[in-house]
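Colleague: I have a model open and would like to go through it with you. Could you take my questions one by one?

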Amino acid sequence: YKTEIESSRIQLRTTKARADADRKQWTTNVQPTYERNLALATEEKNKLTMQLEQANNEIACLKSNRDKDIELLESELDKTYKSKVETDAELKDVKRQLQNAVSNLDEMALGGNKMRSDLEVLINKFDKEKQ
C-alpha cells in the first residue's frame, strides 16, 4: 500500500504541477487575450447601444414630424372642404339669383311689349281724336 500511496502522491504532485503550469500559461497568454477581446466586445456593444439609442431618437423625431405633418394636412383638407362647401352654396345662390334676374327680365320684356302696345293704342286714339 505504501508504494501505491507514494505513487498516488507522485501522480497528484505531477497533476498539480501540470495544473499550475496550465494556470500560469492561461494567466500569462490566454487570459489577456480573452480580457482584450472582452474589452473590445464591451466597447463595440457600447457603441452599438449608443447608435441604437440615436436611431430610436431619430425615429421618434420622424414619427413626431410625420404626425405633425398629418395633422397639418388634415387641417388643410378640412379648410379646403369647408371652403368648397361654402363656394358651392354661394354658386347655388348666384345661380338662383341669375335665374330670378332672367325671369324678371323676361317679365319686364313682356311688360315692355304690353306697355308698347298700350302706348300705341293711346297714340292711335290721340291721333284719331285730333282728326
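Colleague: Where does L119 lie?

Modeller: L119 lies in helix α1, which covers residues 2–130; helices here are DSSP runs of H or I with at least four residues, strands are runs of E with at least two, and both are numbered from the N terminus. This is a predicted model, in which local features need pLDDT of at least 70 and side-chain atom pairs count only at pLDDT 80 or more, while totals for chains, interfaces and linings use all residues. Residues are numbered from 1 along each chain as its sequence is written, and side-chain values use heavy atoms, with hydrogens and water left out.

Colleague: How many helices and strands does the chain come to?

Modeller: The chain comes to one helix and zero strands. Its radius of gyration is 54 Å, well over the 14 Å that the globule rule gives for 131 residues, so the chain is more spread out than a compact globule; the radius is taken over C-alpha atoms, and the rule is 2.2 Å times the number of residues to the power 0.38.

Colleague: And what does the C-alpha trace span along its principal axes?

Modeller: The trace spans about 180 × 30 × 10 Å. As one example from within the chain, the C-alpha atoms of T15 and E53, which are 38 residues apart along the chain, are separated by 51 Å.

Colleague: What share of the residues count as buried?

Modeller: Of the 131 residues, 0% count as buried, where buried means under 20% relative accessible area, exposed means over 50%, and partly exposed is in between, using a 1.4 Å probe and protein chains only.

Colleague: Switching topic, how many salt bridges does a search of the whole structure find?

Modeller: The search finds six salt bridges, each being a side-chain nitrogen of Lys or Arg within 4 Å of a carboxyl oxygen of Asp or Glu. Among them, R23 pairs with D20, with the closest N and O atoms 2.8 Å apart, and R96 meets D93 at 2.4 Å, N to O.

Colleague: Why are R96 and D93 separated by about one helical turn?

Modeller: They are about one turn apart because they are three residues apart in helix α1.

Colleague: What about aromatic pairs, which residues form one?

Modeller: The structure holds one aromatic pair, formed by W26 and Y34, which is tilted, at 5.2 Å centre to centre and 40 degrees between the planes. Rings of Phe, Tyr and Trp (its six-membered ring) pair if their centres lie within 6.5 Å, and planes under 30 degrees apart count as stacked, over 60 as edge-to-face and the rest as tilted.
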